[in-house]
Amino acid sequence: MLTAKLLHTLTHPNSAYGAAFSPDGSLLATASLDNTIKLWNVATGEEKARLKGHGDGVCGVAFSGDGKRLFSASLDKTVKIWDVSSGAVQATLSGHQQYIESFAASADGKWLATGGHDHEVHLWSDSGSAAGVLKGHTEAVYGVAISADGKYIASAGNDNQLLLWDFAAAKKLAELKGHSGPPQCISFSPDGKLLASGGSDAKVKIWNIPAGDLQTTLDGHTQLVKSELYSPRGNYLASGSSDGTVRLYNATTGTHLLTLEGHKNTVYGLAFTTDDRLLATAGYDRTIKVWELKGGA
């Protein structure tokens with residue numbers, strides 16, 4: 001049986017929208033509407049650094065594959081690349097004409113994707129060079145995801161569209177239809193064969209990739225699902241909701257394993273350590289909670 005122990009409750013002075021563990025699991029980066037990123041010692045829960053440079057709220061963070069750099073996306077329409085050891089900004093990437101709403105990095109940290117209120121998905125390499133713009137949405141892009149092998153991009157929009165793209169060709173492959181309202185968040189399984197989506201209909205849906213067939217629908221949340229994430233080893237699928245809970249499922253069978261309660265409202269960000277042992281949940285209630293998971297999936 002899966003159990004979870006709350007290790008730390010970390011705070012920002014404004015809502016927390018994203019989180020990411022360093023590859024070695026020693027650091028946790030958290031993104032907030034207070035315009036900053038905080039770096040935390042995972043073992044102790046101590047704040048190690050505060051990165052300032054964005055001109056508006058930070059909506060997402062991710063580490064590079066070697067853990068030496070940090071990527072962040074902001075409502076100020078930019079993506080920044082930071083040196084983790086010094087906290088210095090190495091590059092600022094621009095291209096969006098409106099707020100960036102969503103952010104994702106590939107599993108190896110080599111590719112970045114952002115979705116904006118300009119209805120576009122922008123792609124970059126980890127060096128900061130532009131890698132393309134995907135146009136197909138007609139409203140804000142709430143969620144983006146990159147498959148681990150870099151073949152596919154997925155995007156979810158307020159226009160009710162859940163789209164699958166060929167990364168290399170920058171071409172739309174399919175529209176996945178099944179949510180009764182706008183899809184809010186998406187995540188590829190580590191093997192790239194599945195895509196999980198959470199919607200304003202409070203449903204979690206699992207799709208086969210690249211066919212785009214709906215495999216299953218998971219119920220349980222009572223309000224919209226705002227964050228979705230497969231764990232790196234493929235043991236778990238986590239979903240965070242405006243009902244203040246995080247639900248953990250067996251990633252293979254879809255069986256509900258555990259519900260985490262503790263946030264007062266929407267859970268916007270989820271992050272696993274590479275060994276699937278720790279889960280961080282970031283909330284509108286200005287807290288980030290770090291949970292230790294024990295037991296089988």
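This is a predicted model: local features need pLDDT of at least 70, side-chain atom pairs count only at pLDDT 80 or more; totals for chains, interfaces and linings use all residues.
Apart from neighbours within four places in sequence, the residues in contact with Asn 14 are Ser 32, Leu 33, Asp 34 and Arg 286.

Ser 32, one of the contacts of Asn 14, belongs to strand β3 (residues 27-32). Six of the six residues of β3 are buried, so the strand is largely enclosed by the rest of the structure. Leu 27, Ala 29 and Ala 31 point one way from β3, while Leu 28, Thr 30 and Ser 32 point the other way. The residues on both sides are all buried.

Strand β3 pairs with β2 in the antiparallel sense, over five bridges. Within this pairing, Ala 16 has Ser 32 of β3 as its bridge partner. The two strands form a hairpin with five residues between them, and Gly 25 in the turn has a positive phi of about 75°. Strand β3 is also joined by five bridges to strand β4 (residues 36-41), again antiparallel. Here the bridge partner of Leu 27 is Asn 41 in β4. The hairpin of β3 and β4 has three residues between the strands, and Asn 35 takes a positive phi near 80°.

## Salt bridges

The structure holds seven salt bridges. One of them is formed by Glu 47 and Lys 38, with the closest N and O atoms 3.4 Å apart. Glu 47 is partly exposed, since its relative accessible area is 28%. Lys 38, in contrast, counts as buried because its relative accessibility is 6%. Glu 47 also forms a salt bridge with Arg 50, where the closest N and O atoms are 2.9 Å apart. Arg 50 has a relative accessibility of 44% and therefore counts as partly exposed.

A further salt bridge is formed by Asp 126 and Arg 69, the closest N and O atoms being 3.1 Å apart. Asp 126 lies in the loop between β12 and β13, and Arg 69 lies in strand β7 (residues 69-74), so this pair ties together parts that are 57 residues apart in sequence. As for the other three residues, salt bridges that share partners join Lys 38, Glu 47 and Arg 50 into one network.

## The sheet β10 to β13

The strands on either side of the Asp 126 loop, β12 and β13, belong to an open sheet of four strands. The order of this sheet is β10-β11-β12-β13, and the pairing is antiparallel. Its edge strands are β10 (100-105) and β13 (130-135), each of which pairs on one side only. On average, neighbouring strands of the sheet are turned by 20° against each other, direction ignored.

Strand β12 (residues 120-125) and β13 run antiparallel and are joined by five bridges. In this pair, Trp 124 stands opposite Ala 130 of β13.

## The sheet β14 to β17

Another open sheet consists of four strands in the order β14-β15-β16-β17, with antiparallel pairing. Strands β14 (141-146) and β17 (171-175) form the edges, and each pairs on one side only. From one strand to the next, the twist averages 25°.

Inside this sheet, five bridges join strand β15 (residues 152-157) to strand β16 (residues 162-166), and the two run antiparallel. Ala 156 has Leu 162 in β16 as its bridge partner.

## Gln 184

Gln 184 is located in strand β18 (residues 183-188). Its relative accessibility is 7%, so Gln 184 counts as buried. A polar atom of the Gln 184 side chain lies 3.5 Å from the backbone oxygen of Pro 182.

Leaving aside neighbours within four places in sequence, Gln 184 is in contact with several residues, among them Tyr 142 and Gly 143. Gly 198, Gly 199 and Ser 200 are also in contact with Gln 184, as are Leu 224, Val 225 and Lys 226.

Terms used: Residues are numbered from 1 along each chain as its sequence is written. Side-chain values use heavy atoms; hydrogens and water are left out. Contact means heavy atoms within 4.5 Å. Two strands pair if DSSP finds at least two bridges between them. Axes are lines fitted to C-alpha atoms, for helices over the stretch in contact, and angles run from 0 to 180 degrees between N-to-C directions. Buried means under 20% relative accessible area, exposed over 50%, partly exposed in between (1.4 Å probe, protein chains only). A polar contact is a pair of N or O atoms within 3.5 Å; within protein, one must be able to donate a hydrogen and the other to accept it, and residues adjacent in sequence count only if both atoms are side-chain atoms. A salt bridge is a side-chain nitrogen of Lys or Arg within 4 Å of a carboxyl oxygen of Asp or Glu.
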